[in-house]
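Subject: Handover of a structure and summary of findings

Dear colleague,

Please find the structure below, followed by a summary of what was found in it. I would be grateful if you could read the two together.

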Amino acid sequence: MAVAQSVPAESNWIPSTCGMCLHGCGIRVQVRDGVALKIEGDPTNPDNLGKLCPKGNAGLSRLYDSTRVLKPMKRTNPRKGPGIDPKWVEISWDEAYGTVARELGKVRADDPRKLLCAIGDFQRILLWGWPAVFGSPNFFTSLGNYCGGSYHPVNGSVDGSFAAINDYDRCNYWIQIGSGDGFSSHLHLSGSAKRMADARMRGMRVVTLDPRMSVAAAKADEWIPTLPGTDRAFVLGMAHVLIHELKQYDREFLRDRTNAPYLVKEDGYLLRDDEGRAMVWDMQLAAPQPWNAAAPADMALEGAYEFAGMRVRTGFQVWADQLRDHTPERMSEICTVSAETIRRIAREFVEAAQIGATVEIEGKTYPFRPAALNYYRGSQSHANGLFDNLTYKMFNMLVGNIDVPGGHLGVPLDHRGFFIHEGEDGVLKPEPHQLHPAPPFKYPPDSTHLMEWFPIGFDAGQLNTETLLEPERFGLNYSPEVMLMYHSNPLWNLPETDKVEKIMARMKFVVAIDIQRTESTEWADVFLPDHTYLESYLLNCLEPPAVTGHSLRQPVVEPVGDTKDAYEILTEIAERLGFRDDWNDLLNVVTGFTANPKYLLDPEKRYGVEELWDRYARSIYGDDKGLDWFKEHGHAVRYRTPEETYMPYGKLRIPFYFEFIKRLGDEMQQKFEQVGMKDWPLDNYQPLPFWKNSQVIEDGKAGYRFYAITFKESLHTFADTVVMPWLSEVSEKDAIHGGILVNPITAENLGIQTGSRIRLTSPAGSIEGQAQVVEGIHPEVFGVSNAITRHFVTNDRQKQRGSHFNRLLTGSMRYTDSATGGLESSARVRVEKI
Amino acid sequence: MARLGMVIDLKRCIGCNACTLACKQENGTPEGVHYARVITREVGTYPKTRRTFLPVLCNHCDDAPCAQACPSGATWIRNDGLVMVEREKCIGCRACAVACPYMNRHFMEKGLLEHGYSTDGLSPYEAIKFAEFEEGTMTKCTLCGHRVDQGLEPACVITCPTDARIFGDLEPEDGKLQKLIRERKGWTLLPECNTKPSVFYLDD
Ligand code: SF4
Ligand code: SF4
Ligand code: SF4
């Protein structure tokens with residue numbers, strides 16, 4: 001590959017894109033005599049403004065890591081199991097492909113669903129459809145779902161976004177719950193940290209809720225420790241205060257920009273006229289009127305009304321009534337934050353929101369609501385995650401801050417921006433599924449993770465641990481025999497590792513595409529080594545909070561070993577199995593070429609990786625901006641305009657009363673009844689969120705006294721970088737990665753000191769590690785840094801300190817949000833000194 | 001003449017260690033050697049507790065005890081205030097390391113340059129970077145003198161995601177560094193040692 005020619009001769013700095021986490025900040029790499037010497041942030045990229053987080057700064061140590069796999073390998077030891085040496089030997093690509101094609105070909109001819117796939121390379125999201133073309137719907141990993149299982153569907157349902165963030169530039173009062181945004185993780189950390197620091201310097205107040213003294217908590221004006229999975233109670237308490245005590249909320253926003261005034265019947269459905277139009281209460285006429293016929297000023301936001309012998313209430317009123325008993329006192333008992341604090345933060349928040357204020361930006365007037373609540377994994381990756389997410393969004397709606405300056409802003413999945421389509425009743429069409437179309441209901445199900453049973457969900461990979469071991473309970477009428485892993489580590493990321501091992505042991509053949517060996521690849525029969533990000537091509541744009549546009553990843557050096565681009569690998573396998581034409585067709589869909597036929601891939605032709613990205617670039621940016629243009633300029637990233645950022649859906653309303661969720665639940669119930677399946681849980685298909693105990697709370701009553709959580713900070717991604725010596729050398733020095741964190745009060749009660757060996761036992765399993773006593777953790781919580789949770793290829797020090805947290809989690813429906821498939825990421829545990 | 005230095009704004013700093021890693025890759029230091037580090041501490045008791053982050057590097061002291069302690073003349077001070085070590089002259093006596101109250105001198109132990117971070121041998125990157133070092137001699141942060149000479153800011157400064165590290169000349173009274181130090185009451189580490197550090201801190 002003639003890499004050197006891709007940059008101007010006088011320069012040895014090559015623009016590219018970081019691949020150390022999924023987001024992809026702009027970088028430039030200094031190369032001399034074919035050796036990469038330095039990675040810096042690309043100063044011309046407005047996303048990260050020349051800055052890089054520690055992971056981005058450690059990229060060279062991945063490229064040159066001696067534990068990389070540099071040639072295809074096959075195992076020679078037929079015995080598989082934890083700690084059993086596969087006795088790898090290097091083989092040629094041809095032999096490797098031959099074996100893979102033979103084994104995958106056999107299963108495809110028999111029943112393609114018998115292939116289990118675990119794909120985890122987020123940046124190469126365009127390749128995720130490969131298993132579908134093969135004929136397998138299966139998703140054998142909880143990656144993505146672990147963090148965003150309930151988060152993404154709710155963002156998509158509210159405003160067609162994929163993620164969300166508060167307005168760094170204009171927010172004055174920022175509540176942060178269970179998230180590292182701007183401080184240690186999530187969306188494009190390098191640039192976000194700069195934006196957050198600037199906001200704090202101009203006086204923005206930050207209040208952080210977290211069971212642990214996270215960086216966001218350490219830098220906040222106020223840290224409020226909570227119990228895992230109970231943040232929703234805190235926020236429902238604040239909503240009660242706004243609605244019932246202070247009676248301060250943005251009436252105009254709720255009335256004119258949401259469906260909160262739409263009338264709800266006692267059966268939970270909206271009142272509609274003969275033409276199917278949703279009705280509002282017209283206060284002038286003292287009668288219902290179609291939503292688009294009543295003058296806004298006459299529309300009732302609150303109230304219960306009698307009409308034709310029926311009692312109807314506005315959607316807003318239904319929630320207000322539901323929240324009547326969600327008093328700060330009652331919520332305080334759940335989340336352990338005092339009622340006084342719940343009241344005070346609610347008051348500070350609504351005052352800072354400046355309800356009624358406006359601001360002019362580039363000649364246009366917008367509502368100005370400089371107070372917003374931001375949240376991510378810790379606050380909502382729980383068994384009632386749908387309610388968690390709805391609560392946080394609706395609390396923001398109470399002050400009218402959704403997608404307005406200063407407020408809580410949707411972040412699009414990619415360059416396409418928000419998914420904006422008009423839905424029913426003048427409301428934005430909910431887009432809970434953005435990564436693939438919602439699968440139609442099916443019984444028996446096709447997929448082992450039951451995707452056909454989650455019409456608004458993400459892919460609930462954790463359910464594999466139940467469905468594959470007890471298939472008859474779910475009507476699954478086949479049993480997977482072959483596995484393909486592509487940069488995914490199911491043995492680490494799925495809960496209940498013992499069960500995952502059992503499933504892996506049943507596989508007749510496993511192929512892994514990856515950079516390094518992992519817990520999971522040790523079970524592979526053939527290992528196909530991928531390029532690192534510094535050796536490969538990709539046009540990347542993923543969840544950029546402030547900007548939009550693609551950044552090019554390009555090879556900066558010759559591949560270090562005999563590795564290949566994952567696209568080439570998957571294409572070659574498709575070719576050998578005889579479905580390269582269908583693979584091209586699928587790529588045509590996911591790239592958007594189908595809407596732009598000039599760039600359509602010919603099913604009969606094989607395209608190289610450069611050709612693919614060249615077409616993709618030209619299809620988006622025009623024929624003068626193909627791969628060559630990107631090789632030289634690096635990126636086409638620009639700030640999102642105010643029009644793209646603030647209310648990009650114009651006059652369309654957003655949902656406040658989520659009737660469509662209730663409807664989907666009722667439809668699912670009918671479908672399950674028709675097929676005679678009666679016990680499938682559907683209880684979370686609710687139009688509005690409220691407090692309800694989860695299984696985790698019930699476990700507490702059964703003697704599991706403490707909570708266990710896991711967390712990450714800026715030095716590491718959740719699992720991938722933990723094996724990198726440059727990074728682990730630094731994280732090892734910080735006490736928070738020094739062992740299982742425990743509060744001194746609890747430690748004393750249990751007779752534990754820093755260094756004591758302890759065992760945590762949950763209903764699912766137990767882990768052992770070394771205690772680390774710290775002040776910065778809730779007394780009822782034990783914290784396990786992700787930096788000490790890998791059990792393979794880590795050094796002895798890391799092994800001594802911690803253990804594999806995910807063993808404490810449970811994969812079953814009892815620990816899964818029944819509507820979204822979101823996984824419970826905290827556990828109740830008993831703790832003993834050993 | 002100039003007196004180059006740095007102001008580190010602890011209100012901005014989030015303890016991310018991007019500086020630690022940027023320094024690592026810029027200078028290619030071997031295992032265990034970090035010119036830039038972040039010292040993390042817990043203060044207070046639950047629930048009134050905090051984690052504090054203190055990024056440290058060589059202070060390029062105006063009255064550098066390391067230079068005074070150095071018997072061979074290997075440690076010298078540039079006109080712009082940068083405290084340097086001349087490898088060829090260093091006799092490895094470690095007097096400077098004892099003298100530096102900040103533990104910012106790093107000794108290249110025997111065998112340290114034989115292996116890189118990886119299990120076997122040196123990577124092509126390490127082979128190039130390690131050629132700059134010599135076992136048995138002292139090494140330290142140079143305030144990225146090699147970058148400064150090209151008109152570039154130190155590696156830790158340009159990468160800092162929060163712009164917490166501000167590099168410049170401490171001499172001009174109306175310069176950005178002195179202004180920040182005045183306005184926010186900048187302070188230095190271990191003032192009682194009278195080393196006159198060129199690295200100042202601004203309170204969180
Ligand atoms: S890079 Fe900046 S924010 Fe991060 S630890 Fe260093 S000084 Fe602090
Ligand atoms: S910090 Fe230490 S090494 Fe640096 S100049 Fe001062 S005394 Fe010398
Ligand atoms: S100035 Fe240069 S050598 Fe010194 S700590 Fe910063 S990056 Fe390292």
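A salt bridge is counted where a side-chain nitrogen of Lys or Arg lies within 4 Å of a carboxyl oxygen of Asp or Glu. By this rule, eight salt bridges cross the interface of chain A and chain B. One of them joins A:Asp734 to B:Arg51, with 3.8 Å between the closest N and O atoms.

Please note that this is a predicted model, in which local features need pLDDT of at least 70 and side-chain atom pairs count only at pLDDT 80 or more, while totals for chains, interfaces and linings use all residues. Residues are numbered from 1 along each chain as its sequence is written, chains are lettered from A and ligands numbered from 1 in the order in which they are written, and side-chain values use heavy atoms, with hydrogens and water left out.

The interface

Chain A brings 55 residues to the contact and chain B 47 residues (contact: heavy atoms within 4.5 Å). About 4100 Å² is buried between the two chains, 55% of it from carbon and sulfur atoms; buried area is the accessible area (1.4 Å probe) that two parts lose on being put together, summed over both. On the side of chain A, the most area is lost by A:Met201, A:Trp726 and A:Glu775, together 16% of what that side buries.

The ligands

Around ligand 1 there are 13 residues (those with a heavy atom within 4 Å of the ligand). Of these, B:Cys13, B:Cys16, B:Asn17, B:Cys19 and B:Cys160 come nearest. The shell of ligand 1 comprises nine nonpolar, three polar and one charged residue. Here Ala, Val, Leu, Ile, Met, Phe, Trp, Tyr, Cys and Pro count as nonpolar, Asp, Glu, Lys and Arg as charged, and the others, Gly among them, as polar. The residues surrounding ligand 2 include B:Cys58, B:Cys61, B:Cys66 and B:Cys100. By class, the shell of ligand 2 holds seven nonpolar, three polar and two charged residues.

A residue in chain A

A:Pro290 belongs to strand β13 (residues 287-290) of chain A; strands are DSSP runs (E, at least two residues), numbered from the N terminus. Because its relative accessibility is 9%, A:Pro290 counts as buried (under 20% relative accessible area, 1.4 Å probe, protein chains only). Leaving aside residues up to four places away in sequence, A:Pro290 touches A:Asp273, A:Arg277, A:Ala278, A:Met279 and A:Val280. A:Asp273 is 17 residues from A:Pro290 in sequence, and their C-alpha atoms are 7.1 Å apart.

With kind regards

Conventions: Helices (H or I, at least four residues) and strands (E, at least two) are DSSP runs, numbered from the N terminus. Buried means under 20% relative accessible area, exposed over 50%, partly exposed in between (1.4 Å probe, protein chains only).
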